[in-house]
Amino acid sequence: MARSPARRWLADVTAASWTGPADIKATYAAASFLAGNRVVFNIKANDYRLIVVVEYRARSVFVRWMGTHSEYDKIDAGTV
């Protein structure tokens with residue numbers, strides 16, 4: 001289950017003050033960046049994927065999708 005790793009991610013994001021992708025990469029080197037300020041995070045040693053939209057100026061992160069790695073392979077991460 002991804003509950004504990006997802007909670008750790010949430011605690012990191014709550015404490016963060018990201019101003020751009022480099023700030024995210026400093027904490028999450030494996031994060032992938034997509035168009036439209038979308039970021040894909042690997043959760044629980046890549047068992048799960050989390051897609052968010054980051055609004056850097058508003059200092060906000062919006063969760064768009066979370067699922068298993070195999071479920072992620074079936075979606076278009078740029079449109080969810």
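Predicted model: local features only at pLDDT ≥ 70, side-chain atom pairs only at ≥ 80, totals over all residues.
**Entry 1: aromatic pairs**

I began with the aromatic rings and found that the structure holds four pairs. I then checked where the two residues lie: Trp18 is in the loop between helix H1 (3–15) and helix H2 (21–27), whereas Phe41 belongs to strand S2 (residues 38–43), so the pair ties together parts that are 23 residues apart in sequence.

Are these two residues buried or exposed? Trp18 counts as buried at 9% relative accessibility, and Phe41 is buried as well, with a relative accessible area of 1%.

I turned next to Tyr28 and Phe41, whose ring centres are 5.2 Å apart and whose planes stand at 80°, so I wrote this pair down as edge-to-face. Tyr28 lies in the loop between H2 and strand S1 (32–34), and Phe41 in strand S2, so here the parts tied together are 13 residues apart in sequence. Tyr28 has 17% relative accessibility and counts as buried, because the limit for that word is under 20%.

**Entry 2: nonpolar cores**

I asked which members of the largest nonpolar core touch the most other members. Of its 13 residues, these are Trp9, Trp18, Ile24, Tyr28, Val39, Phe41 and Val52. H1, S2 and strand S3 (48–55) each supply at least two residues of this core. Another core, of five residues, lies apart from it, and I noted Val40, Ile51, Trp65 and Tyr72 among its members.

I then listed the contacts of Val52, leaving aside its neighbours within four places in sequence, and found Trp9, Asn37, Arg38, Val39, Phe41, Val61, Phe62, Val63 and Arg64.

**Entry 3: a charge over a ring**

For Tyr72 I also recorded that the charged end of Arg49 sits over its ring, 4.6 Å from the ring centre.

How many bridges join S3 to strand S4 (residues 60–68)? I found eight, and the two strands run antiparallel. I looked up Tyr48 in particular, and its bridge partner in S4 is Thr68. S3 and S4 form a hairpin with four residues between them, and in the turn I noted that Arg59 has a positive phi of about 55°.

Methods: Residues numbered from 1 in each chain as written. Heavy atoms only, no water. Phe/Tyr/Trp six-rings, centres within 6.5 Å; stacked < 30°, edge-to-face > 60°. Buried < 20%, exposed > 50% of the residue type's maximum accessible area, 1.4 Å probe, protein only. Lys NZ or Arg CZ within 6 Å of the ring centre and 35° of its normal. Core = buried A, V, L, I, M, F, W, Y, C linked by side-chain atoms within 4.5 Å. Contact = heavy atoms within 4.5 Å. Pairing = 2+ DSSP bridges.
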